[in-house]
Amino acid sequence: MVDNRYATALVIACVLSALATVYLSVAVGTQHWYQYTSPPVYGEPNASELRSLRDEFINGEFDEKTYSDPLFRLNGTLGLWWRCLQVPTNANWYKEPDPKMAMECVSFTLSQQFTPKYKEPGNHNSGEDLIRTYLWRCQFLLPLVSLGLVVLGGLVGFCACVCRSLSPTLGIGLIHLLAGMCSLATVCCFLAGMDLLHRVSMLPDRVDGSLGWSLYLALISSPLHMMAAALLVWAARSHSKSYYRMTAYRVA
């Protein structure tokens, strides 16, 4: 028999865990982790240069400099799996005072996620930048680990419900704690990687960068997982103490 307090804590923990999982899943699947704001460019000479940047971004060989320069110049947005540009829909956009813009996105393939980063982006002779390389790989792997831990915790919790036992609740709480730490580490790795990229890449004049809503979703998911973990651990330990007290009372 489960006390109402423990049952309430378990229900709230399940809701928090579900919200955190949805937030993290949406964050991983969207491209608004970091976004650049570029100044408007008018004039035909600059138009041809921007078209070549866009073509290299979409169809060129994968290289960090090849996709980072267009991001800087064309109001790009960057995510864990996507990189996007805002490009004009009209070929003669440079003649219009307020051209219509459309988002064009390219996904990172699995092999591209593990491509080394170099000390000078685009210069393969400059040597591999191990810190940026492993930060990029961690920001790709850690959210998958977090989601996998939540799925594992859900399976264990389902088995516990079938067996009508609260014994695995402590383990499920620890699993959620690890999931929250992985979510937080993902955000930290991404921010550190972007800071190091901006140190080795010269941003054009009047180009500003800002954090996007996808990153904030991932950041919110971390404390939600940790709150769910705290409730699960509390319910498990409190129920265990109550059970032992009741057993001792009956024996006495």
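Trainee: Cys84, buried or exposed?
Mentor: Cys84 is buried, because its relative accessible area is 0%. Buried means under 20% relative accessible area, exposed over 50%, and partly exposed in between (1.4 Å probe, protein chains only). This is a predicted model, in which local features need pLDDT of at least 70 and side-chain atom pairs count only at pLDDT 80 or more, while totals for chains, interfaces and linings use all residues. Residues are numbered from 1 along each chain as its sequence is written, and side-chain values use heavy atoms, leaving out hydrogens and water.

Trainee: OK, and which residue does a disulfide join to Cys84?
Mentor: Cys105 is the partner, with an S to S distance of 2.0 Å. A disulfide here is a pair of cysteine sulfur atoms within 2.5 Å, and the count by that rule is one. The link of Cys84 and Cys105 is right-handed, with 110° about the S-S bond. Distant parts of the chain are linked by this pair: Cys84 belongs to strand β3 (residues 82-88) and Cys105 to strand β4 (residues 101-107), 21 residues apart. Helices (H or I, at least four residues) and strands (E, at least two) are DSSP runs, numbered from the N terminus.

Trainee: Why does Cys105 count as partly exposed?
Mentor: Because its relative accessibility is 33%. Cys159 is partly exposed as well, at 45%. Cys182 is buried, with a relative accessible area of 13%.

Trainee: Cys182 makes me think of Ser146. What is Ser146 in contact with?
Mentor: Setting aside neighbours within four places in sequence, Ser146 is in contact with Leu24, Ala179, Cys182, Ser183 and His225. Contact means heavy atoms within 4.5 Å. Ser146 sits in helix α5 (residues 130-163) and is buried, since its relative accessible area is 0%.

Trainee: Changing topic: how many salt bridges does the structure hold?
Mentor: Five. The rule is a side-chain nitrogen of Lys or Arg within 4 Å of a carboxyl oxygen of Asp or Glu. One of them pairs Glu64 with Arg132, whose closest N and O atoms are 2.6 Å apart. Glu64 is in helix α3 (residues 64-73) and Arg132 in helix α5, so this pair ties together parts 68 residues apart in sequence.

Trainee: Are Glu64 and Arg132 buried, or exposed?
Mentor: Both are buried. For Arg132 the relative accessibility is 5%. Arg132 also forms a salt bridge with Asp129, the closest N and O atoms lying 3.4 Å apart. Asp129 counts as buried because its relative accessibility is 16%.

Trainee: And which helix holds Arg199 and Asp195?
Mentor: Both lie in helix α6 (residues 169-200), four residues apart, or about one turn of the helix. Arg199 counts as exposed because its relative accessibility is 63%, while Asp195, at 37%, is partly exposed.

Trainee: Now the inside. Which residues touch the most other members of the largest nonpolar core?
Mentor: Trp33, Tyr36, Leu71, Phe190 and Met194, out of 29 residues in that core. A nonpolar core is a set of buried Ala, Val, Leu, Ile, Met, Phe, Trp, Tyr and Cys residues joined through side-chain atoms within 4.5 Å. Elements giving two or more residues to this core include α1 (4-29), β1 (34-37), α2 (44-59) and α7 (213-251). The largest share, four residues, comes from α6.

Trainee: What does Met194 touch?
Mentor: Not counting residues up to four places away in sequence, Met194 touches Tyr34, Tyr36 and Leu78. There is also a second, separate core of 11 residues, which includes Leu10, Ala20, Ile172 and Leu232.

Trainee: Which residues make the covered face of β1?
Mentor: Tyr34 and Tyr36, with Gln35 and Thr37 on the uncovered one.

Trainee: And which strand joins β1 through four bridges?
Mentor: Strand β7 (residues 208-211), running antiparallel to β1. Tyr34 stands opposite Leu211 there. β1 also pairs with strand β2 (residues 77-78) in the antiparallel sense, over two bridges, and Gln35 faces Thr77 as its opposite residue in β2. Two strands pair if DSSP finds at least two bridges between them.
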